[in-house]
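Reader: I would like to learn how to read surface, pocket and charge features in a model. Please take them in turn.

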Amino acid sequence: MERAAKTAHMKEVKQQVKDAAQKQAQNMDAYVMLSFDTWETKAAFCRRLGYDPYDKFLKGEVFDGQVERVE
């Protein structure tokens, strides 16, 4: 019985490790990149939305709260 318990425990640990790795991989893909042809167009975009044009990253949840869906 002890061997079966150890085997079950190891299977559970392996599943937990697998689940954690999948979650980490998903979180690594939690970004979107915008690109502009010139710094000036990037700066105009940032200023229009109230961001510092020198920032390289914007928090997606904050940005999401500023835009409406356009169809």
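Author: Begin with exposure: buried means under 20% relative accessible area, exposed over 50%, and partly exposed in between (1.4 Å probe, protein chains only). Phe36 has a relative accessible area of 32%, so Phe36 is partly exposed. The model is predicted: local features need pLDDT of at least 70, side-chain atom pairs count only at pLDDT 80 or more, and totals for chains, interfaces and linings use all residues. Residues are numbered from 1 along each chain as its sequence is written, and side-chain values use heavy atoms, with hydrogens and water left out.

Reader: Where is Phe36 found?

Author: Phe36 sits in the loop between helix H1 (2-28) and helix H2 (39-49); helices are DSSP runs (H or I, at least four residues), numbered from the N terminus.

Reader: How is a pocket read?

Author: Rolling a probe the size of a water molecule over the atoms shows where empty space is left. On a 1 Å grid over the protein atoms alone, a pocket is an open set of points where a 1.4 Å probe fits, with protein on both sides within 12 Å along at least five of seven lines; lining residues have an atom within 4 Å of a point. The largest share of the lining of the largest pocket, 4 residues, comes from H2.

Reader: Which residues form salt bridges?

Author: Side chains of opposite charge can pair when their charged atoms come close. The cut-off is a side-chain nitrogen of Lys or Arg within 4 Å of a carboxyl oxygen of Asp or Glu. The structure holds 2 salt bridges: Lys6 with Glu2 at 3.8 Å, N to O, and Glu61 with Lys59 at 3.5 Å. Lys6 and Glu2 both lie in H1, 4 residues apart.

Methods: Helices (H or I, at least four residues) and strands (E, at least two) are DSSP runs, numbered from the N terminus.
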